[in-house]
Structures are given as structure tokens and as C-alpha cells.
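Here are my notes on the model, in the order I would talk them through. Have the structure open as you read.

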Amino acid sequence: MSLLLTDLLNLNISDYTEKIIAEYIWIGGSGIDIRSKARTLPAPVSDPSKLPKWNYDGSSTGQAPGKDSEVILYPQAIFRDPFRRGNNILVICDTYTPDGEPLPTNKRANAAKIFSHPDVVAEEPWFGLEQEYTLLQKDVKWPIGWPLGGYPGPQGPYYCGAGADKAFGREIVDSHYKACLYAGIDISGINGEVMPGQWEFQVGPTVGISSGDQLWAARYILERITEIAGVVLSFDPKPIEGDWNGAGAHTNYSTKSMRSDGGYEVIKKAIEKLGLRHKEHIAAYGDGNERRLTGRHETADIHRFIWGVANRGASIRVGRDTEKDGKGYFEDRRPASNMDPYVVTSMIAETTILWKP
């Protein structure tokens, strides 16, 4: 990139104008494709309810017919823009018909209903989301660092590894980490994963609907950084067949009752309820998950529900500390890397707090 272009990209417009750029972000028709477009606003904004609604052509995102293609964007959450910086913002939106009905692909609307239920609000549900992903070479869709059409050495040295023969893509991962902190996302860590070219970041602990907003914002930022780096981002739950780990989105969860004295009993009851609705949860936990949940590579078989303490081959894992302290949190290890966080978090809250079997 030429020096002039870099200079222009780094221009701080707030020295010259009150106006700001707002990047409106939404989820397209596939449920995992993230879309965005920008507009100029007259002055800085920090409250999403003060932002104007906007629209887009839903026929181009698989969300509306060509004859009636207008979809309305409702701004829901604001983050600082790490790309344009200054007072510019990223805006997470959800999608509605002109009559105000949520689109079928708008999973946020139902999640917001569940998270605003008084019984759920009283329990202050905390989530910690572990987002695994794979970085692929642009033209061949093969993991970065892998020999073209060939395989690296077997798994073992790559997990949390360092070195040119073990860690591939760290500059992308570190850029993303800092960009998320800049944006105001509760990103709590990163690590190299078991399969080379695969990484993970964690968002949380975050309360309620905010966990979904933040994970989608973090995914968007990662898409933009990989775009700059000329690398393809994959959320496929099993990007490489064979003796390689898949990619999940382990979901850590606790409620006020679980974090309080006697919480371990509450946790056990919650896990029992999750077991009773195993099929419904699996159906909503991401596409292609059957390729990942095989009972191998630190997963439980998709057809069986099992839980255990410190067991990474279980559907639900309870930490040693939680067992020892008699309170804390648990981890749902079933969600796939391409899950919708609005669906997974609200479903866990609904099953464990509102559902009466």
C-alpha cells in the first residue's frame, strides 16, 4: 500500500469535523455471514437508541424477495471503531420487516425477550464464550502454515505453542485481541488451538444479551483483520477431516444462585434439565456439528448426553474449583464454532431458569 493511502486511512477526522462515521453491522441470510455498510452522522453518539434506523436490500443477502426487498436495521449496541478510530463507531443491528416484525434470521429479538424476563434478570446470567476458528490460505482454502495439499506433523506441539513451525497467524490473533479491547469488548484471552492454523479467543464474563452483541462484534472485527491480511476466516466446526480437532464455541455459564453458597446443587439441577432437552439444544447449536461431535478429539458423541468434573470428553464439564468450592459455573461443550450466540445463550438461560419439565 502506498504511503499516501496509509496516511489517508490514518487521518483523524475529529480534528476537522464534528461528523462521525457509523458502520452498521448485521447478520445475513445464512446466519453466519456478517454484513455492514457505513453512513455519516452529524455528531458523536454513545446511546444506540439515539441512532437512526436504516435499511438495506434484503434480496441481496437472502433475506427478502426482489419485489419487496427492503429490510430495516435497528441499532442495538455501539462499539468504538478500531479501524477508523477517533469518534467513529461500529453498530451492531438486528433486522426487521418494514412492519416491525423481526426477520426469521433475527435471533436477537427472541433472545432479548428471554433475557428481559424478570426471573432471568434476577438471576444475572453470566456467559463466557470460547470462539474457536481456523485461518485458511486465500486461494486454496487450506489452513495457513500447512504445506500445499499436504499435512503438517500430527497434533501435539501446536496447542498454545510458540515458534515458526508451530504457531501460524499470531500477528492476526494479536491484532484482533488489541482491536477488541479498543472497541470495548470484554475479550478475556486468546490461545493457539490443538490443530495448527486454529486459534481461540474468549469473550466474557458478560451478562445476558450483551454476550451475543459482543461476540458478533468480535467476529466482525476478526473478519476485517483477516481481510486486510489476505487470509480467509473459517468458522466451520470440522474444517479438516481426519485425525484433527474440530472447532467449537464452548459456552461457560453461571447464574446468581450458582455463584452463591449451595450453588453446586443448583448447577446439578440445571445440568439435569439440559440433559432432558439435549436434542433441541443440539439442533440449535450450529450447522455441521455432527462432523465435530464424534466422541473423539475432546468431544462427547452427539447422540449422548454426559457430564463430569474436569472431563473434556463430556457434553457438560464442571471445573474442579466449582466442585471444591460448592459453587461457580459450568461449561457447555456442545456448541459448534458457527453457532449463533444469541440462540445458544438465551436457550441455556431459558432451559435452566424458565423451563419447568
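Predicted model: local features only at pLDDT ≥ 70, side-chain atom pairs only at ≥ 80, totals over all residues.

1. The rule asks for a side-chain nitrogen of Lys or Arg within 4 Å of a carboxyl oxygen of Asp or Glu.

2. Residues are numbered from 1 along each chain as its sequence is written, and side-chain values use heavy atoms, with hydrogens and water left out.

3. The domains are 3-105 (domain 1) and 118-354 (domain 2), with bounds from an automatic or database domain assignment. Together they bury about 1700 Å², 73% of it on carbon and sulfur atoms; that is accessible area (1.4 Å probe) lost on being put together, summed over both parts. On the domain 1 side, I32, F79 and F83 lose the most area, together 36% of what that side buries.

4. What about the inside? The largest nonpolar core has 60 residues, and Y133, I185, I221 and F330 have the most contacts within it. (Such a core is a set of buried Ala, Val, Leu, Ile, Met, Phe, Trp, Tyr and Cys residues joined through side-chain atoms within 4.5 Å; buried means under 20% relative accessible area, exposed over 50%, partly exposed in between, with a 1.4 Å probe and protein chains only.) Helix α5 (residues 210-229) gives the largest share, eight residues; helices are DSSP runs of H or I, at least four residues, and strands are runs of E, at least two, numbered from the N terminus. A second, separate core of 16 residues includes I20, V45, I89 and L103.

5. Back to charges: the rule finds 20 salt bridges. K327 pairs with D261, closest N and O atoms 2.9 Å apart. K327 sits in the loop between α9 (320-325) and β13 (330-332) and D261 in the loop between α6 and α7 (263-276), so this pair ties together parts 66 residues apart in sequence. K327 is partly exposed at 29%, whereas D261 is exposed at 68%.

6. One more to click on: E23, D81 and R84 form a salt-bridge network.

Note on methods. Buried area = accessible area lost by both parts, 1.4 Å probe.
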